[in-house]
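Try each task before you read its solution.

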Amino acid sequence: MSNFLPTGIQLSYLVAATLFILGLKKLGSPATARQGNVVAAVGMLLAIVATLLDQHVLNYEMILLGLAIGSVLGAIAAYKVQMTDMPQMVGLLNGLGGAASALVAVAEFWRLLNTTGGVTLDANISMLLDVLIGGVTFTGSMIAFAKLQGIMSGAPITFPLQKPFNALLLFAYLAGSAYMLVAPDNLPVFLGIVFVSLVLGVMFVIPIGGGDMPVVISLLNSFSGLAAAAAGFVVMNNMLIISGALVGASGIILTEIMCKAMNRSLISVLFDAFGTGGTSGAGTASGTATTDKTVRSIDPEEGAMMLGYARSVVIVPGYGMAVAQAQHSVRELADQLERMGVDVKYAIHPVAGRMPGHMNVLLAEANVPYEQLHDMDDINPQFEQTDVALVIGANDVVNPAAQSDTNSPIYGMPILEVDRAKHAIVIKRGMSAGFAGVDNELFYKDKTTMLFGSAKDMVSKLVSEVKQL
């Protein structure tokens with residue numbers, strides 16, 4: 001039995017890694033996402049059980065206590081956290097993953113320092129990388145959480161000589177790491193490196209605006225995976241290396257997809273301090289003041305008539321829908337329109353909301369059939385044949401300035417081409433700018449009408465009016 005145990009553990013790791021890969025594949029489609037989540041969870045359970053059977057586990061009591069506490073906290077969070085708060089939840093989980101990985105490196109350094117009397121070169125390099133990536137992920141994710149939660153301003157936070165200060169921090173980390181390679185037993189320098197990595201995480205995220213949060217969330221998710229992989233090298237655990245690498249790779253792929261959806265490079269996202277976090281008033285897209293333009297507003301009765309007598313309606317959800325928690329009302333409206341013979345579809349922009357897939361998750365919670373969800377490339381050619389496009393709380397992702405105004409800061413960003421529909425109804429609280437701080441030309445077009453108010457209230461009134469048609 002003792003001879004089989006190490007081989008059995010490695011075989012279990014291989015099976016778990018296979019389940020992780022299958023789970024990631026299934027997570028790529030709304031139709032199989034839940035199955036993918038279950039498959040990956042089974043793989044993680046198998047990996048945990050195999051690890052607990054390892055002979056190197058010294059204290060089962062503490063591990064089981066940690067598992068119990070974590071399971072209780074996770075269950076409470078799963079039931080209590082609203083779907084609209086999922087971006088914040090993901091940010092917290094990313095940060096905790098980074099912190100756990102960094103603490104593994106700190107604990108291993110302390111163990112080697114007190115048991116073997118020295119730290120080997122390969123272990124030292126792994127720990128230094130783990131501390132850097134884990135520390136940056138932890139504090140960076142906490143800042144992202146604070147911005148998303150409204151604890152901090154969503155606008156970019158900058159100050160004079162910020163970039164030189166960041167460069168100085170990076171130089172301090174590199175200098176400290178070089179010294180640790182020569183004198184690996186120096187505890188004060190190691191703790192100093194840990195502190196610098198934590199500060200780097202803060203400085204990394206504060207200059208990034210709210211409009212770029214989807215990219216930041218996916219990038220920090222990738223960092224958490226890389227930190228876990230580095231922790232795997234620290235403790236020489238193959239499963240941790242594989243799972244961390246998978247998370248890191250999938251996260252960076254998703255980050256690239258988000259950047260393409262915004263037509264921006266990752267470098268510009270990280271260093272251009274773009275976006276106001278949606279806190280500004282109406283801005284300008286090309287130097288023309290909002291006061292020089294006029295909008296047409298309607299009431300729910302007029303909106304219901306436009307929707308009820310249309311042949312085709314495309315619903316475009318945005319973060320305003322998420323904030324108002326209007327997804328269930330939207331589903332009720334769509335169901336009512338379908339009973340009247342209206343063809344209803346949903347147009348999903350890759351960066352709508354505050355994290356990748358945010359709109360898909362919210363609509364899935366409201367049991368919207370995934371067949372009705374259409375991505376940007378699929379739905380854009382259909383807008384010309386659409387009678388009414390109903391925009392609910394979306395802003396930047398439907399702004400025609402991205403295609404027509406070369407002076408606009410969002411010029412070149414792929415958008416949902418709502419302006420090509422025969423009519424557009426925009427539900428919005430007011431005329432404030434979106435996360436990018438850019439005025440939306442769509443609101444002033446002749447075929448666009450504005451329905452001002454909370455998304456949930458307005459959609460509920462539309463449902464009532466449609467039922468009376």
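**Exercise 1.** Which residues make the nonpolar surface patch of about 480 Å²?

*Solution.* Keep in mind that this is a predicted model. Step one is to list the members: Met44, Ile48, Tyr60, Ile63, Leu64 and Leu67 make the patch. Next, find the elements that give two or more residues to it: they are helix 2 (33–52) and helix 3 (60–80). Helix 3 gives the most, with 4 residues.

**Exercise 2.** Decide whether Tyr60 is buried, partly exposed or exposed.

*Solution.* Start by placing Tyr60, which lies in helix 3. Its relative accessibility is 36%. Buried means under 20% and exposed means over 50%, so Tyr60 counts as partly exposed.

**Exercise 3.** Describe the surroundings of Leu307.

*Solution.* First, locate Leu307 in helix 11 (residues 300–308). Then check the accessibility: Leu307 counts as buried because its value is 0%. Finally, look for contacts, leaving out residues up to four places away in sequence: Leu307 touches several residues, among them Val313, Leu333, Ile425 and Leu462.

**Exercise 4.** Find what the side chain of Asp387 reaches at 2.7 Å.

*Solution.* Begin in the loop between helix 15 (376–379) and strand 4 (388–392), where Asp387 sits. Asp387 is buried, at 11% relative accessible area. Its side chain reaches the backbone nitrogen of Arg311 at 2.7 Å. The Asp387 side chain also makes a polar contact with the side chain of Lys422, at 3.4 Å.

Key. Residues numbered from 1 in each chain as written. Predicted model: local features only at pLDDT ≥ 70, side-chain atom pairs only at ≥ 80, totals over all residues. Heavy atoms only, no water. Buried < 20%, exposed > 50% of the residue type's maximum accessible area, 1.4 Å probe, protein only. Contact = heavy atoms within 4.5 Å. Patch = residues over 30% accessible without salt bridge, like charges linked within 9 Å, V, L, I, M, F, W, Y side chains within 5 Å. Areas by Shrake-Rupley, 256 points an atom, 1.4 Å probe, with all protein chains shown as cover. Salt bridge = Lys/Arg side-chain N within 4 Å of Asp/Glu carboxyl O. Polar contact = N/O pair within 3.5 Å; in protein donor to acceptor, adjacent residues only side chain to side chain.
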